[in-house]
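Hi there,

Here is the structure I promised to pass on to you. Have a look at it first, and then read my notes below.

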Amino acid sequence: MIETLGEAYDAGWRIHARCAQGKLKGMKSIPECLERDELDLKTLMWTRGEMFPLERLESRLKCPCCWSRRVAVWFERTANVRRARMVARP
Ligand SMILES: [Zn+2]
């Protein structure tokens, strides 16, 4: 089971996020925000720490385009990649 940023990095996963705001803001209809990006796993480890749980990632993200906090995250599991790190985890 891969549950933390560090484990996902070791397994060679890639992380993508997209804005999930949709077309409704309160009762008003707004143009749909289509912002999406690949997130840099290593930068996330710099800022959140390698033990940060993947399931909490969505709640910490905010769309840089419309400022919505409704963000969907998904993982790209690249097969058979094992990254070797310089220092073993304690
Ligand atoms: Zn957005």
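Let me begin with a definition: two strands pair if DSSP finds at least two bridges between them. Helices (H or I, at least four residues) and strands (E, at least two) are themselves DSSP runs, and they are numbered from the N terminus. With that in hand, β1 and β4 pair in the antiparallel sense over four bridges.

Before going further, please keep in mind that this is a predicted model, in which local features need pLDDT of at least 70, side-chain atom pairs count only at pLDDT 80 or more, and totals for chains, interfaces and linings use all residues. Residues are numbered from 1 along each chain as its sequence is written.

**How confident is the model?**

The score to know here is pLDDT, the predictor's confidence in each residue, from 0 to 100. The protein averages a pLDDT of 87, and 83% of the residues score at least 70. Which elements have the lowest and the highest mean pLDDT? Strand β2 (residues 24-25) has the lowest, at 67, while β4 has the highest, at 96. Where pLDDT is low, the predicted coordinates should not be read in detail.

**The overall plan**

The protein contains three helices and five strands.

Two totals describe the protein as a whole. Of its 90 residues, 7% are buried. A residue is called buried if 20 or more other C-beta atoms lie within 10 Å of its own, exposed if 12 or fewer, and partly exposed in between, with C-beta atoms placed from the backbone. The other total concerns contacts (two residues are in contact if their C-beta atoms, placed from the backbone, lie within 7 Å). Among contacts between residues at least 6 apart in sequence, 72% join residues at least 24 apart.

**The sheet**

In what order do the three strands of the open sheet lie? The order is β4-β1-β5, and the pairing is antiparallel. The edge strands are β4 (36-39) and β5, each of which pairs on one side only. From one strand to the next, the twist averages 25°; for such angles, axes are lines fitted to C-alpha atoms, for helices over the stretch in contact, and angles run from 0 to 180 degrees between N-to-C directions.

Strand β1 (residues 14-19) pairs with β5 in the antiparallel sense over six bridges. To find this pairing on your screen, look for Arg-18, which stands opposite Ala-72 in β5, and for His-16, whose bridge partner in β5 is Trp-74. Towards β4, Ile-15 stands opposite Leu-39. Strand β5 is hardly covered: the count of buried residues among its six residues is zero.

**Around helix α1**

Leu-5 belongs to helix α1 (residues 5-10). Is Leu-5 buried or exposed? Leu-5 counts as buried because it has 24 C-beta neighbours inside 10 Å. Leaving aside its neighbours within four places in sequence, Leu-5 is in contact with Leu-41, Leu-44, Met-45, Arg-48, Glu-50, Phe-52 and Leu-54.

Gly-6 also lies in helix α1. Gly-6 is partly exposed, because 19 other C-beta atoms lie within 10 Å. Gly-6 and Phe-52 are 46 residues apart in sequence, and their C-alpha atoms are 7.8 Å apart in space.

The C-alpha atoms of Leu-5 and Leu-57 are separated by 9.2 Å, although the two are 52 residues apart along the chain. Leu-57 sits in helix α3 and counts as partly exposed, with 19 C-beta neighbours inside 10 Å. From Leu-57 to Ala-72, 15 residues apart along the chain, the C-alpha separation is 9.3 Å.

Arg-60 is in helix α3 too. Arg-60 has 13 C-beta neighbours inside 10 Å, so it counts as partly exposed. Arg-60 and Arg-70 are 10 residues apart in sequence and 9.8 Å apart in space, C-alpha to C-alpha.

Finally, take a look at Trp-67, in the loop between α3 (57-60) and β5 (71-76). Trp-67 is exposed because it has 10 other C-beta atoms within 10 Å. Its phi is near 70°, a positive value in a residue other than glycine. Most residues other than glycine have a negative phi.

Enjoy exploring!

Best wishes
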